[in-house]
Amino acid sequence: LSVTGGLSADINAALDAALADSGRRVSIINGTINDQGEIVPQEPGRFTPEIYEVLESDYENLSDLSYVGEAWIKPIAWVGDKTYEMRSAVQTDESFAELMNLEMVAGSFFTRSDVENRRAVVVMSDLAGQMLYGSPEEALGQSFSVAARTGVVPFTIVGLYRAVSDFERETYGIGDFIFPE
């Protein structure tokens with residue numbers, strides 16, 4: 001998807017149709033469709049501020065907008081001397097929890113300040129918190145390490161949300177581990 005003063009006519013028509021009904025979630029991906037009809041994401045998949053501006057200004061029925069992408073970490077978490085493989089990890093912005101109607105069971109979602117200041121915080125599902133620490137309440141405030149581009153980085157758990165269905169997780173990109181973009 002490239003923006004040069006607006007979106008293509010096909011994208012405009014699709015968004016207008018999708019946004020006609022109130023309360024719909026619309027996913028836009030930066031990618032191509034292969035011969036089998038599958039979406040192949042293009043990397044990097046980040047939306048630029050200009051794309052956000054076009055979407056916000058050109059579509060009056062678009063009420064919420066949140067970036068979601070695959071997390072830039074290796075899907076391995078170290079808790080003490082134990083290693084865990086993450087089922088799903090995404091990176092997003094501070095508006096994601098509200099947009100996806102995530103129910104926080106402990107702590108809170110990360111903030112705009114966390115995103116802007118690149119704080120090493122994470123929100124996870126209550127099931128992930130239970131698996132790693134015994135309960136969501138015990139997980140809150142704990143730290144675990146992940147392999148990032150800059151080496152092994154500790155992240156502090158600032159919130160836990162009630163786990164969603166596999167369908168929601170896979171369709172809407174709601175990772176068990178949610179990192180600031």
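## Salt bridges and aromatic pairs

R112 and E116 join their side chains in a salt bridge (3.2 Å, N to O). A salt bridge here is a side-chain nitrogen of Lys or Arg within 4 Å of a carboxyl oxygen of Asp or Glu. The model is predicted: local features need pLDDT of at least 70, side-chain atom pairs count only at pLDDT 80 or more, and totals for chains, interfaces and linings use all residues. Residues are numbered from 1 along each chain as its sequence is written, and side-chain values use heavy atoms, leaving out hydrogens and water.

**Salt bridges**

- The count comes to eight salt bridges.
- R112 and E116 sit four residues apart in helix 4, about one helical turn. Helices (H or I, at least four residues) and strands (E, at least two) are DSSP runs, numbered from the N terminus.
- R112 also meets E94 in a salt bridge (2.9 Å, N to O).
- R119 and D114 form a salt bridge (3.1 Å, N to O).
- R87, D166, R169 and D176 are linked in a salt-bridge network.

**Exposure**

- E116 is exposed at 54% relative accessibility. The cut-offs are: buried under 20% relative accessible area, exposed over 50%, partly exposed in between (1.4 Å probe, protein chains only).
- R112 is partly exposed at 36%.
- D114 is buried at 11%.

**Aromatic pairs**

- The whole structure holds three aromatic pairs. Rings of Phe, Tyr and Trp (its six-membered ring) pair if their centres lie within 6.5 Å; planes under 30 degrees apart count as stacked, over 60 as edge-to-face and the rest as tilted.
- The F155 and F179 rings have centres 4.9 Å apart and planes at 80 degrees, so this pair is edge-to-face.
- F155 and F179 are both buried.
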